[in-house]
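Dear colleague,

Please find the structure below, followed by an account of what was found in it.

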Amino acid sequence: MKSAYELAMERLQATESGERVSLTQEQKDRLAEIDRRFKARIAERDVFLKKQLAEVRQQGNRQEEEALLKQIASERLLLEEEMEAEKTAVRKSG
């Protein structure tokens, strides 16, 4: 699975080489919906995990705090990669 960074770089290279594809209004709407859906999922996970993080910090458990910080970052990255994969599929469906 490609990272969000790799997918963004591919889009940038395609744009620079003149391969830019115009999107239909339906594709634009689907892309906007994907953005909304994934931003909501990311926010939901952030709120949940940051609440846990605050509780762990109050307890002074440094190891669990570090584990939660890593979990927050990895879950965000995973969701962003899923979002980019869905968006790429929509762009290619043109």
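Which are the buried residues of helix 2? They are Gln27, Leu31, Ile34, Phe38, Ile42, Asp46, Leu49, Leu53 and Val56, where buried means under 20% relative accessible area, exposed over 50% and partly exposed in between, with a 1.4 Å probe and protein chains only.

Please note that this is a predicted model, in which local features need pLDDT of at least 70 and side-chain atom pairs count only at pLDDT 80 or more, while totals for chains, interfaces and linings use all residues. Residues are numbered from 1 along each chain as its sequence is written, and side-chain values use heavy atoms, with hydrogens and water left out.

The chain has three helices and zero strands, in the order α-α-α along the sequence. Helices (H or I, at least four residues) and strands (E, at least two) are DSSP runs, numbered from the N terminus. Of the 94 residues in the chain, 24% are buried. Contacts are heavy atoms within 4.5 Å; among those between residues at least 6 apart in sequence, 71% join residues at least 24 apart.

Helix 2 comprises residues 25-59. From its first C-alpha to its last, helix 2 reaches 51 Å, close to the 51 Å expected for its 35 residues; the expected span is 1.5 Å times one less than the number of residues. Gln27 lies in helix 2 and counts as buried because its relative accessibility is 5%. The side chain of Gln27 reaches the backbone nitrogen of Thr24 at 2.9 Å. After helix 2 comes Gly60, with a positive phi near 80°.

Asn61 caps the N-terminal end of helix 3, with a side-chain oxygen 3.4 Å from the backbone nitrogen of Gln63. Helix 3 has 31 residues, which should span 45 Å, in agreement with the 45 Å between its end C-alpha atoms.

Helix 3 (62-92) is part of what covers the buried residues of helix 2. The axes of the two helices come within 10 Å and cross at roughly 175°, the axes being lines fitted to C-alpha atoms over the stretch in contact, with angles from 0 to 180 degrees between N-to-C directions. Helix 2 and helix 3 are therefore roughly antiparallel, a term for angles over 145 degrees. The residues of their contact divide into 13 nonpolar, three polar and 17 charged; Ala, Val, Leu, Ile, Met, Phe, Trp, Tyr, Cys and Pro count as nonpolar, Asp, Glu, Lys and Arg as charged, and the others, Gly among them, as polar.

With kind regards

Definitions and conventions: Angles under 35 degrees count as roughly parallel, over 145 as roughly antiparallel, 65 to 115 as roughly perpendicular and the rest as oblique. A polar contact is a pair of N or O atoms within 3.5 Å; within protein, one must be able to donate a hydrogen and the other to accept it, and residues adjacent in sequence count only if both atoms are side-chain atoms.
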